[in-house]
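Here are my notes on the model you sent over. Have the structure open while you read, and go through the points in order.

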Amino acid sequence: MKQHYASDELFAIDKRSMTQVDNLSFFILYIDKPDTPEYKLLKEYLWGVQTSYIGGINRQIDTNVVPWFCPKGGHLPTVSHNADNPTQFIETLIWETLEIDIQRRPNNLPKGKGMFKPMSGLIQYGLQIKYPCYDKVPQAHRIGTWAY
């Protein structure tokens, strides 16, 4: 995927997407470059996203609101900001979801339009398939055009 991002044949809009912290391309390009400002920005973004999803689903469960994904055991564990890698949960979810999507839709990545999408849909899809509430996710509950 990194080779595709380095291509001279990218459109200007794709290059612009690669500078946005919430874009999949930004994650792929900078998650393994800890000595860069982009990495630090990415980790802050991932921490905020992870905290909001964990807090949101746990609050839904605590108040008996029907959740849109169902963690085993009822709650997602909270993570301390002081952990060795406090964003490990969301990073692992992103990588696992990418692997599943590549298996289910081999032509979507690494050269498809999905390479320049915001990560929010990927994360939501990943939470639904990792923590399903149903044997098969109902059509009305599905996120975008992901392969269920």
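The points below run from the overall fold to single residues.

1. First, the ground rules. This is a predicted model, where local features need pLDDT of at least 70, side-chain atom pairs count only at pLDDT 80 or more, and totals for chains, interfaces and linings use all residues. Residues are numbered from 1 along each chain as its sequence is written, and side-chain values use heavy atoms, with hydrogens and water left out.

2. The overall fold. Helices here are DSSP runs of H or I with at least four residues, strands are runs of E with at least two, and numbering starts from the N terminus. Of the 148 residues, 40% are buried; buried means under 20% relative accessible area, exposed means over 50%, and partly exposed is in between (1.4 Å probe, protein chains only). Among contacts with a separation of 6 or more, 59% join residues 24 or more positions apart. A contact is a pair with heavy atoms within 4.5 Å.

3. H4 against H5. Helix H4 (residues 37–62) packs on helix H5 (residues 88–104) at about 90°, their axes 8 Å apart. The two are therefore roughly perpendicular. That label covers 65 to 115 degrees, while under 35 is roughly parallel, over 145 roughly antiparallel and the rest oblique. Axes are lines fitted to C-alpha atoms, for helices over the stretch in contact, and angles run from 0 to 180 degrees between N-to-C directions. H4 brings Lys43, Leu46, Val49, Gln50 and Ile54 to the contact, and H5 brings Gln88, Phe89, Ile90, Glu91 and Ile94. By class that gives six nonpolar, two polar and two charged residues. Ala, Val, Leu, Ile, Met, Phe, Trp, Tyr, Cys and Pro count as nonpolar, Asp, Glu, Lys and Arg as charged, and the others, Gly among them, as polar.

4. H5 against H6. The axes of H5 and H6 come within 9 Å and cross at roughly 85°, so this pair too is roughly perpendicular. Residues on the H5 side include Phe89, Leu93, Leu98 and Arg104, and those on the H6 side include Met119, Leu122, Tyr125 and Lys130. The contact of H5 with H6 has twelve nonpolar, two polar and three charged residues.

5. The core. Which residues of the largest nonpolar core touch the most other members? They are Phe27, Leu42, Leu46, Ile94, Met119 and Ile123, out of 27 residues. A nonpolar core is a set of buried Ala, Val, Leu, Ile, Met, Phe, Trp, Tyr and Cys residues joined through side-chain atoms within 4.5 Å. Helix H3 (24–30), H4, H5 and helix H6 (119–130) each give two or more residues to this core. Leaving out residues up to four places away in sequence, Ile123 touches Val49, Tyr53, Ile90, Leu93 and Ile94.

6. The disulfide. There is one disulfide by the rule used, which asks for cysteine sulfur atoms within 2.5 Å. Cys70 and Cys133 form it, with their sulfur atoms 1.9 Å apart. The link is right-handed, with 95° about the S-S bond. It joins distant parts of the chain: Cys70 lies in the loop between H4 and H5, and Cys133 in the segment after H6, 63 residues apart. Cys70 counts as partly exposed because its relative accessibility is 26%, and Cys133 is partly exposed with a relative accessible area of 26%.

7. Asn23. Is Asn23 buried or exposed? Its relative accessibility is 2%, so Asn23 counts as buried. Asn23 sits in the loop between helix H2 (12–17) and H3. Setting aside neighbours within four places in sequence, Asn23 contacts Ser17, Met115, Phe116, Lys117, Pro118 and Met119. One of these, Met115, is 92 residues away in sequence and 8.4 Å away in space, C-alpha to C-alpha.

8. Asn64, in the loop between H4 and H5, has a phi near 60°, a positive value in a residue other than glycine. Most residues other than glycine have a negative phi. Asn64 is exposed, because its relative accessible area is 71%. Pro34, in the loop between H3 and H4, counts as partly exposed at 43% relative accessibility.
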